Amino acid sequence: MNEVTRIPTSTELGASAEPFQNLHEFVNKARDNLNQNAWDYIIGAAETETTMRRNRMALDEIAFRPRVLRNVARIDATTEVFGRKLRLPVMMAPVGALEIFDPAGSGASVSRGVGRFGAAHMLSSVTEPGLEKVAEAAPDALRIYQLYVRGDDAFVEDRVSRAIACGYTAFCLTVDTAHYSRRERDIAKRYVRESRLRATGGDFQKGLDWRTVKLIKDKFKIPLIIKGIATAEDATVALDHGVEWIYVSNHGGRQLDHGRGSMHVLPEIVAAVKGRAKIMVDGSFCRGSDIVKAIILGADLVGIGRLQCWALAAAGESGIVRMLELLEDEVVRCLGLLGVTKFSELDKSYLHQAVPTNLPSVLSAFPLLDIAPYRY
């Protein structure tokens with residue numbers, strides 16, 4: 001893994017035998033490979049899908065203020081988290097149904113892919129083939145384990161213990177799913193995933209409160225992440241409990257409808273945290289410029305959700321690697337065109353509030369995509 005990334009020339013890119021040269025090509029291929037139920041599952045959100053659209057709008061409302069005449073011949077897009085250097089400040093966000101995109105490997109494919117590239121993966125507790133087998137498949141990857149609480153204290157303690165034993169770097173509690181939302185694209189087709197039919201223990205998630213956070217912090221020595229923080233007030237409570245990472249997320253717009261976009265929430269959380277914890281964020285991040293904007297506004301890691309699923313559905317493990325390579329290329333070019341050589345040279349002076357030019361949608365980051373047949 002090179003610390004300094006050399007930007008490939010247009011000629012080199014054009015001459016490549018790689019089938020994917022643009023990120024939107026993963027979406028096209030995924031649409032070809034997926035049936036309607038799987039496609040609607042990943043592009044859909046809760047009820048009116050307003051929160052999902054606001055995620056994208058919040059990103060598109062931010063413009064850049066570039067500086068020029070600076071030596072940007074050598075760009076370093078790496079970061080260091082959890083004591084490890086990554087090629088990009090990027091994490092594959094937890095997705096609970098990866099098997100519908102890659103039946104052969106699912107969570108293991110993602111972990112192997114991020115391990116090959118040099119990024120991070122947060123594995124959902126409801127993703128196959130489970131935490132032990134994913135650890136066996138990708139022992140050297142930066143793996144984080146995310147839990148939906150489906151049992152009592154003994155259940156939680158068992159999962160934390162197993163994650164530690166399998167070498168997971170950190171442990172995450174998702175806290176914005178007390179009630180499963182109305183995913184109306186699925187409901188309209190009367191479609192229920194098999195994993196939902198098998199799911200039990202939902203009342204434990206409904207009863208989850210800060211007591212469980214304290215339980216984990218008191219008993220285990222592993223960095224704890226709280227996923228689903230959407231207010232400064234809850235970020236402050238998390239800090240009071242010793243939480244090391246705040247994960248700003250609205251579940252990709254798939255839980256509470258009419259919520260705020262993640263990038264609208266992020267500055268509030270950064271201001272409340274004041275450097276006392278690290279910060280993750282997700283919510284419609286699918287371009288290199290999106291990642292740069294989040295880092296400028298105070299995030300330490302950016303979660304990739306739907307784009308991860310499209311890449312996985314398009315080409316499995318190799319799709320994850322290639323998608324990350326293209327994101328890296330976009331990030332490097334963005335940094336160079338802003339007039340900086342690394343993330344630490346950026347601050348809010350490089351950003352400007354602007355009016356979005358596109359109507360926000362789950363696919364609006366890809367204007368070259370023929371989305372009309374695919375949106376609904």
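How many of the residues of strand E7 (residues 170–174) are buried? In this predicted model, in which local features need pLDDT of at least 70, side-chain atom pairs count only at pLDDT 80 or more, and totals for chains, interfaces and linings use all residues, residues are numbered from 1 along each chain as its sequence is written. Side-chain values use heavy atoms, with hydrogens and water left out.

Strand E7 is mostly covered, 5 of its 5 residues being buried, where buried denotes under 20% relative accessible area, exposed over 50% and partly exposed in between, with a 1.4 Å probe and protein chains only; strands (E, at least two residues) and helices (H or I, at least four) are DSSP runs numbered from the N terminus. In a regular strand the side chains alternate between the two faces of the sheet. Ala170, Cys172 and Thr174 on one side of E7, and Phe171 and Leu173 on the other, are all buried. Strand E6 (residues 142–147) pairs with E7 in the parallel sense over 4 bridges, pairing being assigned if DSSP finds at least two bridges between two strands, and Cys172 in E7 is the bridge partner of Gln146. Strand E8 (residues 224–229) also runs parallel to E7 and is joined to it by 4 bridges, with Ile226 in E8 as the bridge partner of Leu173.

Helix H15 (residues 306–338) contains 33 residues, yet its end C-alpha atoms are only 27 Å apart, short of the 48 Å that a straight helix would reach, the expected span being 1.5 Å times one less than the number of residues. A kink of about 135 degrees in H15 is centred on Ala315, the bend being the angle between axes fitted to the seven residues ending at a residue and the seven starting there. Because 28 of its 33 residues are buried, H15 is largely enclosed by the rest of the structure.

Aromatic pairs (ring centres of Phe, Tyr and the six-membered ring of Trp within 6.5 Å; planes under 30 degrees apart stacked, over 60 edge-to-face, the rest tilted) number 7. Tyr41 and Phe101 form a tilted pair, at 6.4 Å centre to centre and 35 degrees between the planes, and both Tyr41 and Phe101 are buried. The charged end of Arg254 sits over the ring of Tyr41, 4.5 Å from its centre, the criterion being CZ of Arg or NZ of Lys within 6 Å of the ring centre and within 35 degrees of the ring normal.
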